[in-house]
Amino acid sequence: MKVMDKMKIQKLGETRHIIDEKKILQSLNFPFCVHLETSFKDNRYVYLLLPFIPGGEMFRHLHRQKRYDERLSKFYGAQILLAFEYLHHCDIIYRDLKPENIVIDVDGYLKLTDFGFSKRITNRTYTVCGTPDYLAPELLVQKGYGKSVDWWTFGILLFEMTAGNPPFQAKQLMRICRNILCCKYMMPQFFSNDLRHLIENLLQPDVTKRYGCRKEGISDLKDHSWFNDISWLNILNRQVTAPFIPTVKGEGDSSNFGRFQEVRIEVAMKDYLEKEFEEF
């Protein structure tokens with residue numbers, strides 16, 4: 001159950017996000033996305049009731065294992081790719097992909113959760129939102145963006161899962177943003193050539209050249225050599241044995257969930273970004 005304080009929602013300007021999240025969750029019907037069971041409210045709180053996914057957040061497992069081998073990253077990446085294909089077909093952009101927003105079920109399969117930044121669009125949007133390490137360059141320069149931002153974050157996730165850390169990380173927000181705008185990062189030597197090629201074409205600052213955004217669309221990704229051994233239909237039907245199965249002691253076991261501090265960029269960052277990156 002997601003419990004949200006009405007006063008805090010109003011104070012943080014999150015009202016539109018919560019309404020959009022509820023509507024989107026109500027409409028979802030896909031194996032790799034959570035859905036809304038029901039919702040209600042009282043004088044102080046708003047409640048969203050979601051399925052309980054006992055395997056916990058990917059963030060916690062990735063932190064424990066330090067990094068994933070490419071087989072596991074590929075298994076997870078295939079499911080995220082299919083989830084984005086479904087969402088984009090519904091004209092929904094997700095905008096907040098990161099290990100904290102991915103949960104693992106008892107069979108080792110994924111579900112995207114936290115649709116607070118998701119939005120239905122038919123053209124472009126201009127809202128600055130997301131998590132610093134995952135922000136796409138076109139979002140930072142505030143000239144409008146579309147589904148392209150999700151494919152950028154997909155590249156970040158593949159990198160972080162396999163390397164153990166995101167490519168543009170830095171101690172200061174300003175440095176993270178500059179690294180993103182300059183596309184300045186180092187690819188680990190242990191990445192396979194196929195993975196390197198895929199990430200390079202996802203972390204492509206030129207949206208017209210970014211995989212997932214070109215005229216070939218999703219085929220650039222599904223037909224990529226890194227995914228050669230993936231059966232998309234078998235993944236969709238959950239017929240592939242997961243390389244990693246989380247330990248779940250029984251129904252209602254919440255031991256796989258931990259506390260973490262997340263950093264999100266809101267609309268309030270707009271003036272800051274305009275000032276700091278006006279030269280771009």
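Me: Helices (H or I, at least four residues) and strands (E, at least two) are DSSP runs, numbered from the N terminus. How much of the chain over residues 1–227 is helix and how much is strand?

Reply: This is a predicted model, in which local features need pLDDT of at least 70 and side-chain atom pairs count only at pLDDT 80 or more, while totals for chains, interfaces and linings use all residues. Residues are numbered from 1 along each chain as its sequence is written, and side-chain values use heavy atoms, with hydrogens and water left out. Over residues 1–227 the chain is 40% helix and 10% strand, with 36 Å between the end C-alpha atoms.

Me: How do I read a sheet, and in what order do the strands of the open sheet stand?

Reply: Two strands pair if DSSP finds at least two bridges between them. Here three strands form an open sheet in the order E1-E3-E2, and the pairing is antiparallel. E1 (2–5) and E2 (38–41) are at the edges; each has a single partner strand, so one side of each lacks a neighbour in the sheet. E2 and E3 (residues 45–49) are joined by four bridges, and Thr38 stands opposite Leu49 in E3.

Me: Is Gly77 buried or exposed?

Reply: Gly77, in H4 (residues 70–89), counts as buried because its relative accessibility is 0%. Leaving aside neighbours within four places in sequence, Gly77 is in contact with Phe154, Leu158, Met161 and Phe227.

Me: How many disulfides are there?

Reply: A disulfide is a covalent bond between the sulfur atoms of two cysteines. The rule applied here asks for a pair of cysteine sulfur atoms within 2.5 Å, and the count comes to zero. For Cys177, the closest cysteine sulfur is that of Cys182, 11 Å away, which is too far for a bond. Cys182 is in no disulfide either; its nearest cysteine sulfur, in Cys183, is 9.0 Å away.

Methods
Buried means under 20% relative accessible area, exposed over 50%, partly exposed in between (1.4 Å probe, protein chains only). Contact means heavy atoms within 4.5 Å.
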